[in-house]
Amino acid sequence: TYKVYLDEYKVHIKEPLGRRLLKDVRGEHIQKLFNDMAKRYSHTTVNLVRVILSGMYTQAVRNGMVLRNPHRNKKKRKKKIRVMTTEEQNLFMRYSKSSQFCDLYMVALGTGMRSGELRALQWSDIDFDNKIIHVNGTLKYIAKAKVKYMIDEPKSESSKRDIPMLDNLVTVLREHRKRQLVTRMLLGDKWRPEPGFESLVFTGGFGRCISENALYQDMKKIIVQIREDGHVFGAHTPHSLRHTFATRGFERGIPPKVMQEILGHKSITMTL
């Protein structure tokens, strides 16, 4: 956590705010930082910077370095849960067919897995015979580090789980594996995954790890295309796919306790 916070500071906070004295940073400076970030980064990244700044200034007030916390007056925008309607879901899958992440989106909508869990998925986690996906970790990016990616422990103990696969997902993943093997053979020495990530199910170009932002930007492009073609389509992020899976499941009568186990939630309250 320390490493992640330090890296986020260096990447997002140091340049716009780092040259100012603590007492000279005003609320509008912080708001501008959030506004600029919102154009390029996911809600998760913006919220992480928000947490870091809040903690920094809370401690600065305690230490008597400043009289007030300029972050305190910045109201946290309530995160609205985004769920695709059935029509939106069908539209999204139709338009995502040309995306390199199409199969990942299909698995996301068929399992409710988190973005980091999908991007960390390895072929050894896929049990084709028993039609089960073993969720064992989540992909973490560490900026400025020599080794950029690592597979971290799941979000909580309940996040380490087994998810049943429907037949259509078994087919999707089998076909995906065939295409991946063909691509690897065609690229030869140009297929260069990060060390330790040679067996990822979903990869970016040349076998590399997929960043959270790459997925976010890809979805953004798909949605822009949908809207340009005259369709009404809501604002969605990769995490929307998880909410959409849960909603479709409830619509089909899956019991909340079963859904809690599939999603890996610690409490039934979170699921509901």
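Me: Is Asn-69 buried or exposed in this model, and why?

Reply: The model is predicted, so the percentages here are computed from predicted coordinates. A residue counts as buried when its relative accessible area is under 20%. Asn-69 has 7% relative accessibility, so Asn-69 counts as buried.

Me: Where in the chain is Asn-69 found, and which residues does Asn-69 touch?

Reply: Asn-69 is in the loop between helix H3 (43-62) and helix H4 (86-95). Leaving out residues up to four places away in sequence, Asn-69 touches Ser-54, Tyr-57, Thr-58 and Val-61.

Me: How should I read Tyr-216: buried or exposed?

Reply: The same cut-off of 20% applies. Tyr-216 is found in helix H8, and at 13% relative accessibility Tyr-216 counts as buried.

Me: Which residues are in contact with Tyr-216, apart from its neighbours within four places in sequence?

Reply: They are Ala-38, Arg-40, Tyr-41, Ser-42, Thr-237 and Pro-238. For Pro-238 there is also a distance: Tyr-216 and Pro-238 are 22 residues apart in sequence, and their C-alpha atoms are 6.2 Å apart in space.

Me: What does a crossing angle say about two helices, for instance H4 and H5?

Reply: An angle over 145 degrees counts as roughly antiparallel, and one from 65 to 115 degrees as roughly perpendicular. The axes of H4 and helix H5 (residues 102-111) come within 10 Å and cross at roughly 155 degrees. H4 and H5 are therefore roughly antiparallel to each other.

Me: Which residues make the contact of H4 with H5?

Reply: From H4 they are Gln-89, Phe-92 and Met-93, and from H5 they are Cys-102, Tyr-105, Met-106 and Leu-109. By class, the contact of H4 with H5 has 6 nonpolar residues, 1 polar and no charged.

Me: How do H4 and H8 cross?

Reply: The axes of H4 and H8 come within 10 Å, at a crossing angle of roughly 105 degrees. H4 and H8 are therefore roughly perpendicular to each other. In this contact, Leu-91, Phe-92 and Tyr-95 in H4 meet Met-219, Ile-222, Gln-225 and Ile-226 in H8. The residues of the contact of H4 with H8 divide into 6 nonpolar, 1 polar and no charged.

Me: What do the end C-alpha atoms of helix H1 say about its course?

Reply: The idea is to set the end-to-end distance against what a straight helix would reach.

Me: Which residues of H1 are buried, and what do they pack against?

Reply: Asp-7, Glu-8, His-12, Ile-13 and Leu-17 of H1 are buried. The buried residues of H1 pack against helix H2 (27-38) and H3.

Me: What is the phi of Phe-206, and where is Phe-206 placed?

Reply: Phe-206 is not a glycine, but its phi is positive, about 60 degrees. Phe-206 lies in the loop between helix H7 (167-187) and helix H8 (212-228). Its relative accessible area is 45%, so Phe-206 is partly exposed.

Conventions. Residues numbered from 1 in each chain as written. Predicted model: local features only at pLDDT ≥ 70, side-chain atom pairs only at ≥ 80, totals over all residues. Heavy atoms only, no water. Helix = DSSP H or I, 4+ residues; strand = E, 2+ residues; numbered from the N terminus. Buried < 20%, exposed > 50% of the residue type's maximum accessible area, 1.4 Å probe, protein only. Contact = heavy atoms within 4.5 Å. Axes fitted to C-alpha atoms, helices over the stretch in contact; angles between N-to-C directions. Parallel < 35°, antiparallel > 145°, perpendicular 65-115°, else oblique. Nonpolar A, V, L, I, M, F, W, Y, C, P; charged D, E, K, R; others polar. Expected span 1.5 Å × (residues − 1).
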